[in-house]
Amino acid sequence: MSDVTIDPVASPTAYQDMLLSLLGDDDPAIVFAATEKRLRELVAEAGPQVRVRPEPTEWSVLEGHFVDAELVVSARVRWILAEDEPDIVPYDQDRWVDGLRHRDDDPDDLLALFAALRAANLRLWATRTNEERGRLGIHRERGPESYELTVRLLAGHDRFHIAQAERALATVRR
């Protein structure tokens, strides 16, 4: 299970505020560029403990759902850019982690998929105008969200789950 103390469905605004506070005024592209490197370091540091959950309901380093979030956001931002106010479907991150059995995945395969998606998303972000970054999608739980807001939320999400993976690793090492 995730380490979220704020329920993103019950308290969508508080969840957004929490993620945005983790980003602050930082450039999301800089955060994105650092995430892959830190993920690779965490996987290497975890070694054989990469799949060990600190508690039965908490995620292991490998299960931090970075790939799922990157995949979902990849689709969301493309819908936002290509369609007029598209419907943005939420997803249950815990069900994805469990249902897709990330615990059994090869860490190198997950990191390669993450790296490819992240590189494509960084290229897309770098080539969009301010007007395009303002385009909206309508998230079913949170209402209107711009391309820029979606990207900023993902950058805060990166920081949140890097910290979660670091705590998971520290706990399983004790």
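In which helix is aspartate 68 found? Aspartate 68 is found in helix H3, which covers residues 66-82, where helices (H or I, at least four residues) and strands (E, at least two) are DSSP runs numbered from the N terminus. The structure is a predicted model, in which local features need pLDDT of at least 70 and side-chain atom pairs count only at pLDDT 80 or more, while totals for chains, interfaces and linings use all residues. Residues are numbered from 1 along each chain as its sequence is written, and side-chain values use heavy atoms, with hydrogens and water left out.

The protein chain as a whole has seven helices and three strands, and these follow one another along the sequence in the pattern α-α-α-β-α-α-α-β-β-α. Its radius of gyration is 16 Å, which agrees with the value near 16 Å for a compact globule of 174 residues; the radius is taken over C-alpha atoms, and the globule rule is 2.2 Å times the number of residues to the power 0.38. Along the principal axes, the C-alpha atoms of the protein chain fill a box of roughly 50 × 35 × 30 Å. Of the 174 residues, 45% count as buried, a class that means under 20% relative accessible area, with exposed meaning over 50% and partly exposed in between (1.4 Å probe, protein chains only). The accessible surface comes to about 8,900 Å², and 53% of that surface belongs to carbon and sulfur atoms; such areas come from the Shrake-Rupley method with a 1.4 Å probe, and for residues only the protein chains shown count as cover. When contacts (heavy atoms within 4.5 Å) are taken between residues at least 6 apart in sequence, 77% of them join residues at least 24 apart.

Leaving aside residues up to four places away in sequence, leucine 42 touches Val61, Ile162, Ala165, Glu166 and Leu169. Valine 172, which lies in helix H7 (residues 147-173), is also buried, at a relative accessible area of 14%. With residues up to four places away in sequence again not counted, valine 172 touches Gln49, Val52, Arg53 and Pro54, and its C-alpha atom is separated by 9.9 Å from that of arginine 51, which is 121 residues apart from it along the chain.

The charged side chains come next. The protein chain has 22 positive and 33 negative side chains, and the centres of the two sets lie 3 Å apart; Lys and Arg count as positive and Asp and Glu as negative, with His and the chain ends not counted, and the place of a charge is taken as NZ of Lys, CZ of Arg, CG of Asp or CD of Glu. Side chains of opposite charge can pair when their charged atoms come close. With a salt bridge defined as a side-chain nitrogen of Lys or Arg within 4 Å of a carboxyl oxygen of Asp or Glu, the count comes to 16 salt bridges.

One of these joins arginine 40 to glutamate 36, with the closest N and O atoms 3.0 Å apart. Because arginine 40 and glutamate 36 are four residues apart in helix H2 (residues 28-46), about one helical turn separates them. Arginine 40 is partly exposed, with a relative accessible area of 35%, and glutamate 36 is partly exposed as well, at 23%. Another salt bridge is formed by arginine 128 and glutamate 132, whose side chains meet at 3.6 Å, N to O. Salt bridges that share partners also join Lys37, Arg38, Glu41, Glu45 and Glu166 into one network.

Arginine 101 lies in the loop between helix H4 (93-99) and helix H5 (107-126), and has a positive phi of about 50° although it is not a glycine. Arginine 101 forms a salt bridge with aspartate 104, the closest N and O atoms being 3.9 Å apart, and both of these residues are exposed.

Aspartate 68, with which this account began, is buried yet has no salt bridge, and the nearest side chain of opposite charge, arginine 53, is 10 Å away. Not counting residues up to four places away in sequence, aspartate 68 touches Tyr91, Trp96, Val97, Leu100 and His102.
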